[in-house]
Amino acid sequence: MGHGRDFIDQYRIIRLIRAGSTCQIFEAVDGNSKQKVALKILTAQARKSKVELRFLQHEFDIASKLDHENVIKVFGVRTTGNDPYLSLEFGQQLNLKQRLRTDKELMAHRSDNIIEKTTLGLQHLHNHGWVHCDVKPDNYLVDDEGNTKLIDFALCQPSRTGFLAKLGFGRPKEIAGTRSYMSPEQIRRRPLDIRSDIYSLGCMYFEIVTGKMPFTGSSPENLLQKHLSAKAPPANTINRNVTQEFSDLVTDMLRKNKESRPDNLKKVLGVLSGMRIYRSKPPHPSEIQRSDEEA
Ligand SMILES: Nc1ncnc2c1ncn2[C@@H]1O[C@H](COP(=O)(O)OP(=O)(O)O)[C@@H](O)[C@H]1O
Ligand SMILES: [Mg+2]
C-alpha cells in the first residue's frame, strides 16, 4: 500500500492485521455499505508478478461461488492499478493457529465445535469441486465459541474426480502448501483429490487435540520424508484424554495411501457424530482458574 494513503477505491484502511510474504491483510471500512471488511493487498513485490495477480483473481473466482457460514465471503477484487486487492468479509481477529497457541484451554474446551465447523466449511468447498490444497490452522479464523471460517483459496485446484478437472481448470504449482500438513501425494506432486485435504485435516485434528503436529523433522527434507513413510503416533498416546474412537479416526485420515482414508467428509462427519472426542470434556478456562484458587 502506498504511504500516506488511507483509501483504496471505496475502502478506508483502518489497520494492518497480518503481513505475509506476498500479501498484507488490512482491516478496512467500505465507504458505501459502511461495513467492516478485510482487504488482502499484494505486496509491492508480488504485484509485479502476473502469477500472483492470477492467484488473486483465482481466489475471487472460487470464493465468490461459495456460500456457507463456515467459509469466508468475498466481496470484490481488483487486479489492476497500484494496489491489487481482494475484499473479504471481516472475520475474527485471530486465526486458529494463533489461538491454539494463545488460548489453549479455551480452544480445548471448544474443540468439538472447532472440529465440526472446520470440517463443514471444507466440505462445502469439496462439494463445489475444489481441493483446498492448503488446509492448516492458519487458514481458518475462529471465534470464542469455536465457530470457524475457512479462508485462503489461492492454491485451490479442481478435484480430479470433479467436473472442473475435465474442463482443465487449475494450474500445477511448485510444492504449494505448508510442509507440516502436506499429504504424501502432494509431496510427490501427484494429481490431488479431496483425500489430500482429508490427510491435512487429519494433521489438524491431531494438533487440535494434542497441541502437537503428527510429524516434526530435523530438517524440511526430513519432515517431508516422515509424511511419506513414518507412522504417526496415535493421538491418544499423546493426550490420554482423547478417546480411542477419535484417535482411530485421525489415524485413518493420516493413511499414506489415499485409498485407505475416509474418501469424503460426509463419512468423517458421520463417524464424528457417533462418538466423543474426549473421555472427559476439557473444562472452560474460568473453571480451571476457580479450581486453582480453591486449591
Ligand atoms: N477475512 C479476514 N478477516 C480477518 N483476518 C483475516 C482475513 N483473511 C485473512 N486474515 C488473516 O491474515 C492471514 C493471512 O491471510 P491468508 O488469506 O491466509 O493469506 P496468505 O496467502 O498470506 O496465507 C490469516 O492467517 C489471518 O490471520
Ligand atoms: Mg494463508
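Modeller: Let's start with the layout: the protein chain is divided into domain 1 (7–89) and domain 2 (94–273), with bounds that come from an automatic or database domain assignment. This is a predicted model, where local features need pLDDT of at least 70, side-chain atom pairs count only at pLDDT 80 or more, and totals for chains, interfaces and linings use all residues. Residues are numbered from 1 along each chain as its sequence is written, while chains are lettered from A and ligands numbered from 1 in the order in which they are written.

Biologist: What pLDDT does the protein chain average?

Modeller: pLDDT is the predictor's confidence in each residue, from 0 to 100. Here the protein chain averages 92, and 90% of the residues score at least 70. Over residues 168–173, though, the pLDDT is below 50, and this stretch has five contacts in the model beyond near neighbours in sequence. Two residues are in contact if their C-beta atoms, placed from the backbone, lie within 7 Å.

Biologist: How many residues of domain 1 are in contact with domain 2?

Modeller: Eleven residues of domain 1 touch 14 residues of domain 2. On the domain 1 side, that makes six nonpolar, three polar and two charged residues. For the classes, Ala, Val, Leu, Ile, Met, Phe, Trp, Tyr, Cys and Pro count as nonpolar, Asp, Glu, Lys and Arg as charged, and the others, Gly among them, as polar. The centres of the two domains, taken over C-alpha atoms, are 25 Å apart.

Biologist: Which residues are closest to ligand 1?

Modeller: A residue is near a molecule if its C-beta atom, placed from the backbone, lies within 6 Å of it. Around ligand 1 there are 19 residues, and the closest are Arg18, Gly20, Ala38, Gly91 and Asp152. The elements giving two or more residues to this shell are strands E2 (11–19), E3 (23–30), E4 (36–42) and E6 (85–89). Those labels are DSSP runs numbered from the N terminus: helices (H or I, at least four residues) and strands (E, at least two). By class, the shell has ten nonpolar, four polar and five charged residues. Domain 1 and domain 2 each supply at least three of the shell's residues.

Biologist: Is Glu59 buried or exposed?

Modeller: A residue is buried if 20 or more other C-beta atoms lie within 10 Å of its own, exposed if 12 or fewer, and partly exposed in between, with C-beta atoms placed from the backbone. Glu59 has 21 such atoms within 10 Å, so it is buried. Glu59 sits in helix H1 (residues 50–63). Leaving aside neighbours within four places in sequence, Glu59 is in contact with Leu86, Phe153 and Ala154.

Biologist: And what span should helix H7 have?

Modeller: The expected span of a helix is 1.5 Å times one less than its number of residues. For the 17 residues of H7 (residues 194–210) that gives 24 Å, and the end C-alpha atoms are 24 Å apart, which agrees. Also, 17 of the 17 residues of H7 are buried, so the helix is largely enclosed by the rest of the structure. Gly211 follows H7, with a positive phi near 80 degrees.

Biologist: Where is Lys34, and what is its phi?

Modeller: Lys34 lies in the loop between E3 and E4. Its phi is positive, about 65 degrees, although Lys34 is not a glycine. Lys34 counts as exposed because it has 7 C-beta neighbours inside 10 Å.
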